[in-house]
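This briefing concerns a ligand site and the pocket around it.

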Amino acid sequence: MKIIIAKDYEELSEKAFEIMRGVLENPNAVLGLATGSTPLGLYRKMVADHLENGTSYKGVRAVNLDEYAGLAPTNDQSYRYFMRSNLFDKIDIDLNNTYIENGLAEDEAAECARYNAILAALPRDIQLLGIGANGHIAFNEPGTPFNSETHVVALTENTIEMNARFFKTKDEVPRRAFTMGIKNITDARKVLILACGANKAKAVYGLVKGEVTEDLPASILQKHDDCILIADSDAAALIGE
Ligand code: PGA
């Protein structure tokens with residue numbers, strides 16, 4: 001794993017953008033994208049670069065990690081909405097080339113199979129990831145098998161609490177979500193995982209130096225051929241780099 005320590009969030013976002021820009025040299029790149037607060041700085045830089053330098057996303061395909069079950073794409077807490085408002089509607093990507101699980105799918109097994117087929121047809125050049133304070137990647141909580149593919153999960157109490165900040169009340173946080181599985185994530189050619197803040201320090205330690213165990217889903221990335229971690233100094237506090 002390549003480790004980059006950034007002095008602050010701005011530098012973390014800049015370093016992440018440099019890596020993304022390299023991937024975007026291929027005008028037909030397939031990007032695995034993520035929601036959450038950590039990638040927002042990177043997305044702002046992608047938008048600025050599109051506006052200032054004309055970097056085009058017309059041939060780019062984007063595949064997202066996860067989506068809440070039960071939320072419509074138009075719901076302002078859905079991850080589809082997040083991606084549109086923070087990135088897709090601000091660049092020239094064709095929305096038909098953007099993929100995310102359908103949170104309203106009634107036949108959940110069929111939806112997971114449909115998504116796995118999309119992932120198989122679109123090998124990702126890069127998969128962007130955040131990391132949960134408990135070491136989760138996407139909604140793959142501790143205990144998720146490393147060979148998992150797209151599935152529906154019941155969110156842990158910890159994740160519900162972490163995500164409650166985006167909702168009016170904790171009761172409004174959906175209890176279930178569709179998520180790419182860990183195998184889907186590690187199938188990407190390159191993985192870029194971003195970690196910011198002291199509350200991620202323990203998880204980052206497990207990611208870099210801990211045992212590779214399903215109890216800390218991100219630890220599987222130690223075995224990936226091309227994984228880059230960018231952590232700010234608070235998140236990197238325990239790894240002694
Ligand atoms: P965050 O979420 O970027 O909002 O911290 C990361 C995650 O839980 O995967």
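The points below cover the ligand, its contacts and the pocket lining.

The model is predicted; local features need pLDDT of at least 70, side-chain atom pairs count only at pLDDT 80 or more, and totals for chains, interfaces and linings use all residues. Residues are numbered from 1 along each chain as its sequence is written, and side-chain values use heavy atoms, with hydrogens and water left out.

**Ligand shell**
- Residues around the ligand (a heavy atom within 4 Å) are Gly-36, Ser-37, Thr-38, Gly-130, Ile-131, Gly-132, His-136, Arg-165 and Lys-200.
- This shell holds one nonpolar, six polar and two charged residues; Ala, Val, Leu, Ile, Met, Phe, Trp, Tyr, Cys and Pro count as nonpolar, Asp, Glu, Lys and Arg as charged, and the others, Gly among them, as polar.

**Polar contacts (N or O pairs within 3.5 Å)**
- A side-chain N or O atom of Thr-38 is 2.5 Å from a ligand oxygen.
- For Lys-200, the corresponding distance to a ligand oxygen is 2.6 Å.
- A polar side-chain atom of His-136 lies 2.7 Å from an oxygen of the ligand.
- The protein covers 80% of the 280 Å² of accessible area that the ligand has on its own (Shrake-Rupley, 1.4 Å probe).

**Pocket**
- The ligand takes the space of the largest pocket (more than half of its atoms within 2 Å of the grid points).
- A pocket is an open set of points on a 1 Å grid over the protein atoms alone, where a 1.4 Å probe fits, with protein on both sides within 12 Å along at least five of seven lines; lining residues have an atom within 4 Å of a point.
- Its volume is about 650 Å³, the space filled by probe spheres set on the points.
- Of the 33 lining residues, Thr-35, Gly-36, Ser-37, Tyr-79 and Asn-163 lie nearest the centre.

Methods
Polar contact = N/O pair within 3.5 Å; in protein donor to acceptor, adjacent residues only side chain to side chain.
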